[in-house]
Protein chains: 2
Amino acid sequence: MQKPKILNSEIVAESRLFRIEQLELEFSNGVTARYERLLGSERGAVLIVPMLDADTVLLIREYAAGMHRYELGLPKGKIEKDEDILVAANREIQEEVGYASRKLVHVSSLTLAPGYLGHTTHVILATDLYASPAQGDEPEEIEVVPWSMRELDALMLRDDFSEARSIAALYMIRDRLMG
Amino acid sequence: MQKPKILNSEIVAESRLFRIEQLELEFSNGVTARYERLLGSERGAVLIVPMLDADTVLLIREYAAGMHRYELGLPKGKIEKDEDILVAANREIQEEVGYASRKLVHVSSLTLAPGYLGHTTHVILATDLYASPAQGDEPEEIEVVPWSMRELDALMLRDDFSEARSIAALYMIRDRLMG
């Protein structure tokens, strides 16, 4: 299908972390419409599935300001300017779970709500881990929660495990590792 | 764990669709920090898994402004003020895939990026469908794409199927329907 033409775009609101862009679009049928979208960070983010062994994934529990509650999920973070995706993944797991990986593989690239968010998250499978803690910029210590991949069903039933990216990534990895 | 105290909050940027809130937080260890989050819509959104038969899910292909490309995904939309969640789900599938459902079940509630987004999406399984098209407010016709649940692996490999919510919901439903 032919993409709509962007007739005009402008930043209509901006904060320290967020930028909102307004688009004037013309669809291929001639209909024009005004859309808004949140621009993502330039390089996107990484979400890492760190496997301590063939069955054990390392989750983290941390405060999630968007929901104002503690959430379980996979380690993740923004890719820095000029930083390689896999280097970013290895930095984040050292900061958040205290391990580095000798084998990092890009599995998939996810969007969150592509209709109005410009965010891309790269899912990285990290295996062959070794202890290598690094200091992040977190306001409090992150709790590391090992979880068995055979117990995904129980994880899905938890109220504090809700993040679509983490759920999608764990199912993908389970299919990949366990056929 | 004890949630951080919200010392102060204020809206720091706002557009037609988005509102960004700044939070001054004090963690239980005494550390204070400034966070920003995007506020979600009051009632959240629904994401529907409409099953035409035991194996066939109805996907849609539509323009996704956040990524400026066409994306495959599940039908979805905002819940209107005072609208029941299941009523919203049934309205959205009539507008987007042309079917209504006699059996709607709430399966799970997902977040997108709970660290900085206040968005909740309720996943609804819709079965026992019957033709009942309704007019939505889309700028162009939405393409409906039937997909076999046995072919999820092939779907995951597609570049135009990237949305974490849709991926998470389909895996959950596959586990639920097919054990």
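Y63(A) has Y70(A) in β6(A) as its bridge partner. The pairing behind this joins β5 (residues 56-64) of chain A to β6(A) through five bridges, in the antiparallel sense. Strands here are DSSP runs of E with at least two residues, helices are runs of H or I with at least four, and both are numbered from the N terminus; two strands pair if DSSP finds at least two bridges between them. This is a predicted model, in which local features need pLDDT of at least 70, side-chain atom pairs count only at pLDDT 80 or more, and totals for chains, interfaces and linings use all residues. Residues are numbered from 1 along each chain as its sequence is written, while chains are lettered from A and ligands numbered from 1 in the order in which they are written.

The sheet in chain A is open and antiparallel, with three strands in the order β6-β5-β10. Its edge strands, β6 (69-73) and β10 (143-148) of chain A, each pair on one side only.

Chain A and chain B touch through 50 residues from each chain, a contact being two residues whose C-beta atoms, placed from the backbone, lie within 7 Å. On the side of chain B that touches chain A, α3(B) gives the most, with six residues.

Chain B superposes on chain A by a rotation of 180 degrees with 0.0 Å of shift along its axis, at RMSD 0.0 Å, fitted by least squares on the C-alpha atoms of residues with pLDDT of at least 70 in both. The two copies are therefore related as by a two-fold rotation axis. In chain B, the C-alpha of A168(B) is nearest the axis, 2.2 Å from it.
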